[in-house]
Amino acid sequence: MKSKLFYQILVLALGFILVWQGLSRFDFVGYFDLKRFSREQEEKIGELLYKILKKTSQEPENENVMLLLDSLKIKICLAAEIDPESIKIRVIEDETVNAFALPGRQIVFFTGLISASDHPEEVAGVMAHELAHITNNHVSKKIMKDAGFAYIASAGGGQVSSEILKNLLHQLSSTAFDRVQESEADKVATQTLMKSGINPEYFASFLEKLSKDEDQIGVNLEWISTHPESKKRADDVRDLAVGFKANRLPVVSDSLWNGVKADFKSQE
Amino acid sequence: MTETTSPFTTPPDDHECEKASNGYVMSLMAIMAGLPFPVINLIATGIFYFGNLKSTPFVRWHCTQALFSQAAIFGINVTGVWWGLSILFGPNELTNTFIAYFITAILFNIAESVATIFTAVKVRRGIHVELWVFGPLTHLVFSHEK
């Protein structure tokens, strides 16, 4: 009886595994283009979120800022082996020190973050970090966590209410990803920076500097408050970058960087 | 699944057949009601099993077989549901392996449902049916009882 039972369990288990593994050989994801479907929905939601953001804020008229961010984007995207055209950089006139990734491969920078940076490499570090959130699908995951079934409904052709979108925008712009995702984004960002010849030390010191500034001057440092444990993260970035020889050339021309800073000063 | 000579000394009466058959019907209904939460199937069948513990050997035997078949499907379904949730809300990606698992789980659920309906109908007529794997397993449990 026991041997019969053992034989039947074995056949059933093997049958299950064989059917499963046999079916796994089919490329369901590729055949039904499931990832493209979700990308299109993400882009749609991303556009809606950016529209909501623009309703309450302004885009700066400072052309140098866009030039700076576009130059950094090209450099970082090429190092990360991503088509720079697929990434949209958005800038919002706001003195809050903040940057975040939105669905639809968008990275939003608040002018406050650029003002708070002493070197363009610091901005590059933040950009590489946010880009890593995009490439590692953290944004889609966060949408699913925060908007959940409302997002699924929208993917099914339904409409997402503006209240849900506002909440989602708030979540994406003012709350961090989970700890594992943050440290993964730091790791990928550090590797991307090194590949592009930018010293990750700038990124590490930016994290440290802002966490110190927060105590001293009490400015609104959203990016740091949403990215806790900055000291430890800075140390981790430094550990990853041990032995790295940075490119001596500046990441953007001094004249462009100085132009951006001068524009901000004149606006103050 | 096989129709075998009944191991029970006395043939079941109509009331027993109905109760034993209900064990399978219960598990089938629970699968439909509890698909998003597979544990509901197991709990429902479990409640029916414990409710019939003091019944005749024929009824208990079939309730036990129904419970075992549910437990196996529960294992398959709960893995699928958690895997799915980890894709939707967690760190996992939608992969061909997951879709293949999902289809396999559906196929096994269908096979189990067909076997359950077949067994319920036969048992209702008083015919003893032993499911593959779960029949010998039930015998093993009952041999310990003796």
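Me: Which residues have the most contacts inside the largest nonpolar core?

Reply: In this predicted model, the largest nonpolar core has 55 residues, and the ones with the most contacts inside it are A:Leu72, A:Phe109, A:Ala124, A:Met127 and A:Leu131. The biggest contribution to this core comes from helix 6 (residues 120-135) of chain A, which gives 8 residues. As a general idea, nonpolar side chains tend to be buried together in soluble globular proteins.

Me: What does A:Met127 touch, leaving aside residues up to four places away in sequence?

Reply: A:Met127 touches A:Leu72, A:Lys73, A:Ile76 and A:Ile107. There is also a second, separate core of 15 residues, and B:Tyr24, B:Met26, B:Tyr49 and B:Leu67 are among them.

Me: Let me step back to chain A. How many helices and strands does chain A have?

Reply: Chain A comes to 14 helices and 3 strands. Of its 268 residues, 37% are buried. For contacts in chain A with a separation of 6 or more, 69% join residues 24 or more positions apart.

Me: Where does A:Lys261 lie, and why does A:Lys261 count as partly exposed?

Reply: A:Lys261 lies in helix 14 (residues 254-267) of chain A. The general idea is to count neighbours: a residue is buried at 20 or more other C-beta atoms within 10 Å and exposed at 12 or fewer. A:Lys261 counts as partly exposed because it has 17 C-beta neighbours inside 10 Å.

Me: Now for the backbone. Which residue other than glycine has a phi near 65 degrees?

Reply: That is A:Asn137, whose phi is positive. A:Asn137 sits in the loop between helix 6 and helix 7 (138-147) of chain A. A:Asn137 is partly exposed because 16 other C-beta atoms lie within 10 Å.

Me: And B:Val133, is it buried or exposed?

Reply: B:Val133 is buried, because 23 other C-beta atoms lie within 10 Å. B:Val133 is not a glycine, yet it has a positive phi of about 70 degrees. Its place is in the loop between strand 2 (129-130) and helix 5 of chain B.

Me: How many residues does helix 4 of chain B have, and what span does it reach?

Reply: Helix 4 of chain B has 29 residues and reaches 42 Å from its first C-alpha to its last, close to the 42 Å expected at 1.5 Å a residue. Its buried residues include B:Tyr101, B:Glu112 and B:Val123. Just after helix 4 of chain B, B:Gly126 takes a positive phi of about 90 degrees.

Me: How many residues does each chain bring to the contact?

Reply: The contact takes 19 residues from chain B and 19 residues from chain A. On the side of chain B that touches chain A, the elements giving two or more residues are helix 3 (57-89), helix 4 and helix 5 (134-145) of chain B. Helix 4 of chain B gives the most, with 9 residues. By class, that side of chain B has 14 nonpolar, 5 polar and no charged residues.

Key: Residues are numbered from 1 along each chain as its sequence is written. Chains are lettered from A and ligands numbered from 1 in the order in which they are written. This is a predicted model: local features need pLDDT of at least 70, side-chain atom pairs count only at pLDDT 80 or more; totals for chains, interfaces and linings use all residues. Helices (H or I, at least four residues) and strands (E, at least two) are DSSP runs, numbered from the N terminus. A nonpolar core is a set of buried Ala, Val, Leu, Ile, Met, Phe, Trp, Tyr and Cys residues joined through C-beta atoms within 7 Å. Two residues are in contact if their C-beta atoms, placed from the backbone, lie within 7 Å. The expected span of a helix is 1.5 Å times one less than its number of residues. Ala, Val, Leu, Ile, Met, Phe, Trp, Tyr, Cys and Pro count as nonpolar, Asp, Glu, Lys and Arg as charged, and the others, Gly among them, as polar.
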